[in-house]
Amino acid sequence: MTASLPLTVNKRADSDRVVALAGNPNVGKSTIFNALTGMRQHTGNWPGKTVANAQGWCTYRDRGYVLVDIPGCYSLFAHSAEEEVARDFLCFDRPDAAVVVCDATCLERNLNLVLQVMEAVPRVVVAVNLMDEARKKGVTLDLPLLSQRLGVPVVGTAARDKDGLDALLDALEGTFSLPPRDQPPVTYPGYIEKAIDRLLPLVEPVAGPVQPRWLCARLLDADRSLRASMVRSLGLDPEEAPQLSEALTALRRELAEAGITPQKLRDDLAAAFVRRAEGLCRGVVKAAENADRRDRLLDRFFTSKATGFPIMLLLLMGIFWLTITGANYPSALLSDLFQRLGVVLESGLWAMGVPAALVDLLINGVYLVMTWVIAVMLPPMAIFFPLFTLLEDFGYLPRVAFNLDRCFHRCDACGKQALTMCMGFGCNAAGVTGCRIIDSPRERLIAILTNNFVPCNGRFPILISLITLFLAGAGALAGLKGAALLAGVIVLGVFMTLLASKALSRTVLKGVPSSFTLELPPYRPPQVGKVIVRSVVDRTLKVLGRAVISAAPAGLIIWVLANVTVGGTTLLAGLIGLLDPLGRAMGMDGVILAGFLLALPANEITLPIILMAYTAGTGLLELEGAALFTVLSSHGWTWTTAVSVVLFTLMHWPCATTLLTVHKETGSLKWTALAFALPTACGMAACFLFHLLTLAIL
Ligand SMILES: Nc1nc2c(ncn2[C@@H]2O[C@H](COP(=O)(O)OP(=O)(O)OP(=O)(O)O)[C@@H](O)[C@H]2O)c(=O)[nH]1
Ligand SMILES: [Mg+2]
């Protein structure tokens, strides 16, 4: 498993200062980052949203700052890939300063990290964020007292309302006019302090920009990942530097003789921070009693055994119902509009004397497919994404993970997989990257390999179209039936995820599931306006752009395949003929299989390709009204074909982007191949079975 590559910081001017934004997960780092840099890092109400470093720029009082948004972490002792990314950037990549963002509603836990960062970075500013929530919960904080005790500036902020950000920049600027702090933020038990004193003279000459005291303390307990980072940034493996390794060996022997196990050492190192954080908070934090009663009531409703699952299903169906019924009208409107425009365009091209073959290529090969993609995909996405994002912002997704935790655990997988699975609904590539929040390599692999069992937004439009056209029927209840069927498909996807996870942990990825405490973030009223803008701009248009960009060349390829003849048949006909027997055995046909294959670059274009292949040479423009249904049924589609296509859409190989991401995350061709083969095998099996069943019954 590879952590992300070290980030190259791009300064705009030599005098720019590099500032890291550190903090526990879900405290608003990305929100602060976005507000200061004007960028749009994804924020969301769940821990682990950011898994890799991102940088942005801002100017304050004529001074440039490069801000680096690093993944949330609880400590720099680095237990997981994101924590490693965070630690490496803070400790080895020499930022000029760090802003540690804290959650005002649970300051003590956050101070643990503040102290660790203070040990590793010479200039630190503390931003106590979420002050608005603390106020609502009746928590009061004495920030001047905290600042005095810590010896670094402490600023209260409410980043979502852009409150206190100027004061934060002021404080940041201020720290650069003072000499760097040299007082250590914590004192360790005597035996550790003595060991540090002995190591310091050996470490100081080789530490480079790294804080020597921090390095000494970590060396006592260095694991492989830390040593690798030291080799990378300092060119030094402590176990191979002769004097240092001798001193370390001697120290370890002495500690062992004194009965101090590595585990005790580790515990003592960590406990020093916890104790100091406790002391710092005394008198600084005053909490009102019963502050989070509302959240506890909501939690009981959303996560209890009796109501958790039914509510989850109802919400899912509600979202789908709104999406399906809401999208019908604008879809029809758009496709009508595009059709008229196409006629005008085509006659324009004729009038300009463009050759017939080129008109055919432009209109039938490119224009029709692109506008079809837009008309069919835009409306449902413009409804689905904002709704989904609202739930995410409100804090519901972690409750889904909590509900599913037991299911995943029973399959010997990690409960956090429920979260990465939810990310897969947006984009499987993002879901696969998100698996970095899972600490155990075994469980992370399981999550990566099974992520494709939930449909990404590239596949939703196909599912929605086919269910509406072939399976939901007409009439008043069609919308409801469609929503129920779609929810059923999703449930099947989740079920297959669980089944595949179980199969993997019984075979190639054996092991015991690790336990973890899933953090439930507070419920937050979603910011409706921003959610809509974000989900329309970031998600809808991005997906649509990808679809259009990959559909255009696909249209060209299809057109060429359909028009180049070798030995009497077109290339397209040849390919389709080759795939036809397999396609038919799976309840589909050669064209459909060819569509799935050619859509490897982006799932969005499967159905457009199928349409193009069916209509190659005829042109869609002559068709009326429900063109899609007419084309498909005139090529022999019935409801059973639709079911097979739905099954195979849910379960087949991941798109090229996702496969590349799997390869990047696992660094292994073997696992990438399995990520390809696993869903494909399941999909083929499901299609064969369904086809046999229909043969036997119908
Ligand atoms: N009420 C309130 N909400 C905030 C504030 N700052 C951030 N949020 C919300 O808190 C949630 C988490 O914010 P992010 O910026 O994604 O947090 P993060 O620290 O980057 O999280 P990770 O990347 O997961 O570590 C989002 O829903 C934000 O809108 C604030 O000052 N007040
Ligand atoms: Mg973030």
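Reply: Let's look at one pair of packed helices.

First, a heads-up: this is a predicted model, so local features need pLDDT of at least 70, side-chain atom pairs count only at pLDDT 80 or more, and totals for chains, interfaces and linings use all residues. Residues are numbered from 1 along each chain as its sequence is written, while chains are lettered from A and ligands numbered from 1 in the order in which they are written.

Our pair is H19 (residues 460-471) and H26 (residues 639-650); helices here are DSSP runs of H or I with at least four residues, numbered from the N terminus. Their axes come within 10 Å and cross at roughly 165°. An axis is a line fitted to C-alpha atoms over the stretch in contact, and angles run from 0 to 180 degrees between N-to-C directions. So H19 and H26 are roughly antiparallel to each other, a label for angles over 145 degrees. The crossing of H19 past H26 is left-handed, meaning the near helix is turned anticlockwise from the far one by less than a right angle.

Who's touching whom? On the H19 side, Ile462, Leu463, Leu466, Ile467, Phe470 and Leu471 make the contact, and H26 brings Trp639, Ala642, Val645, Val646 and Thr649. Being in contact means that the C-beta atoms, placed from the backbone, lie within 7 Å. Sorted by class, that contact has 10 nonpolar residues, one polar and no charged. Here Ala, Val, Leu, Ile, Met, Phe, Trp, Tyr, Cys and Pro count as nonpolar, Asp, Glu, Lys and Arg as charged, and the others, Gly among them, as polar.

Note on methods: Helix = DSSP H or I, 4+ residues; strand = E, 2+ residues; numbered from the N terminus. Parallel < 35°, antiparallel > 145°, perpendicular 65-115°, else oblique. Contact = placed C-beta atoms within 7 Å.
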